[in-house]
Amino acid sequence: KYSTEIGQSKESLCKDCGTGRYGESSTGASVPTVCIECAAGQFSETVGASNIDTCGGCPAGFSQALLGRAYCLPCTPGHRQHNNGSTSCIKCGVGYKRAPDDDANECLPCVAGLYQNTIGQASCLRCIPGTFSTSPGTEQCTECAVGHKRAPDDDAKACIECASGRYQNSKGQASCLSCIPGTFSTSP
């Protein structure tokens with residue numbers, strides 16, 4: 001507590017250090033600067049705190065970059081924080097995401113059929129037609145091989161062989177072509 005007024009007769013007339021602050025002076029504090037701000041990465045909801053122990057570290061999934069705060073901020077989607085007492089959150093890496101409903105302690109790998117080539121994202125992207133992904137945490141999808149295709153509605157984890165009577169002589173295609181008149185194909 002402190003008082004800027006001379007001659008206060010009761011402790012209740014003194015002013016409390018606000019949230020995010022504490023006072024260590026035992027007697028005679030006359031200015032609000034006696035209230036010390038909690039460090040970055042910490043917070044205190046207590047009014048009139050008398051020691052540093054009221055400043056607690058931000059929990060995992062939260063951070064606080066500013067001094068003297070009553071709260072910590074949650075990591076935004078696409079970011080995570082697994083440590084306590086952090087001043088900032090960490091962007092998810094390529095091949096990973098953190099959606100709003102995911103645990104803010106970690107980023108999750110994109111599942112097979114999805115990819116992410118940008119850091120700090122909240123979701124993964126579906127492989128475009130003509131490409132696929134078979135493993136989690138993929139940064140980019142792989143083109144379908146010659147003789148294969150993957151249409152928009154096909155499973156994005158694999159390409160499909162062209163059926164007999166159809167072919168594909170280019171990589172990364174979404175469809176197979178019909179054999180031209182005068183030609184045929186008997187096997188996939």
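Q: Why does Cys-141 count as buried?
A: In this predicted model, Cys-141 has 18% relative accessibility. Buried means under 20%, so Cys-141 gets the label.

Q: Where is Cys-141, and what does Cys-141 touch?
A: Cys-141 sits in the loop between β13 and β14. Leaving out residues up to four places away in sequence, Cys-141 touches Tyr-115, Cys-127, Thr-131, Phe-132 and Ser-133. The cut-off for a contact is heavy atoms within 4.5 Å.

Q: What makes Thr-138 buried?
A: Thr-138 comes in at 10% relative accessibility.

Q: Which loop holds Thr-138, and which residues does Thr-138 touch?
A: Thr-138 is in the loop between β13 (131-132) and β14 (142-143). Not counting residues up to four places away in sequence, Thr-138 touches Gly-95, Cys-110, Leu-114, Tyr-115, Gln-116 and Ser-133.

Q: How do you know that a polar atom of the side chain of Thr-138 lies within reach of the backbone oxygen of Ser-135?
A: The two atoms are 2.6 Å apart. A polar contact needs N or O atoms within 3.5 Å, and 2.6 Å is the value for the Ser-135 oxygen and the Thr-138 side chain.

Q: How many disulfides does the structure hold?
A: Nine. Let's take some of them in turn.

Q: What makes Cys-17 and Cys-35 a disulfide?
A: Their sulfurs are 2.0 Å apart, and the cut-off is within 2.5 Å. That joins Cys-17 to Cys-35. The pair links distant parts of the chain, 18 residues apart: Cys-17 is in the segment before β1 (21-23), and Cys-35 is in strand β2 (residues 35-37).

Q: Why is the disulfide of Cys-17 and Cys-35 called left-handed?
A: The torsion about its S-S bond is about -85°, so the Cys-17 and Cys-35 disulfide is left-handed.

Q: Are Cys-17 and Cys-35 buried or exposed?
A: Buried means under 20%. Cys-17 has a relative accessible area of 0%, so it is buried, and Cys-35 is buried with 10%.

Q: How do you know that Cys-38 and Cys-55 are joined, and what is the handedness?
A: The S to S distance is 1.9 Å, against a cut-off of within 2.5 Å, and a disulfide joins Cys-38 to Cys-55. The torsion about the S-S bond is about -75°, so this disulfide is left-handed. Cys-38 lies in the loop between β2 and β3 (42-43) and Cys-55 in the loop between β3 and β4 (56-57), so the pair ties together parts that are 17 residues apart in sequence. Cys-38 is buried with a relative accessible area of 0%, and Cys-55 counts as buried at 8%.

Q: What about Cys-162 and Cys-176: what joins them, and which parts do they tie together?
A: A disulfide joins them, S to S 2.0 Å. The torsion about the S-S bond of Cys-162 and Cys-176 is about -85°, so the disulfide is left-handed. Cys-162 lies in the loop between β16 (160-161) and β17 (166-167) and Cys-176 in the loop between β17 and β18 (177-178), so the pair ties together parts that are 14 residues apart in sequence. Both get the buried label, with Cys-162 at 2% and Cys-176 at 8%.

Q: Why is Cys-14 called partly exposed?
A: Cys-14 has 22% relative accessibility. Partly exposed runs between the buried limit of under 20% and the exposed limit of over 50%, so Cys-14 counts as partly exposed.

Q: How does the radius of gyration of the protein compare with that of a compact globule?
A: A compact globule of 188 residues would have a radius of gyration near 16 Å, but the protein has 30 Å. The C-alpha trace spans about 110 × 20 × 20 Å along its principal axes.

Q: How many helices and strands does the protein have?
A: Zero helices and 18 strands.

How values were computed
Residues are numbered from 1 along each chain as its sequence is written. This is a predicted model: local features need pLDDT of at least 70, side-chain atom pairs count only at pLDDT 80 or more; totals for chains, interfaces and linings use all residues. Side-chain values use heavy atoms; hydrogens and water are left out. Helices (H or I, at least four residues) and strands (E, at least two) are DSSP runs, numbered from the N terminus. Buried means under 20% relative accessible area, exposed over 50%, partly exposed in between (1.4 Å probe, protein chains only). A polar contact is a pair of N or O atoms within 3.5 Å; within protein, one must be able to donate a hydrogen and the other to accept it, and residues adjacent in sequence count only if both atoms are side-chain atoms. The radius of gyration is taken over C-alpha atoms; the globule rule is 2.2 Å times the number of residues to the power 0.38.
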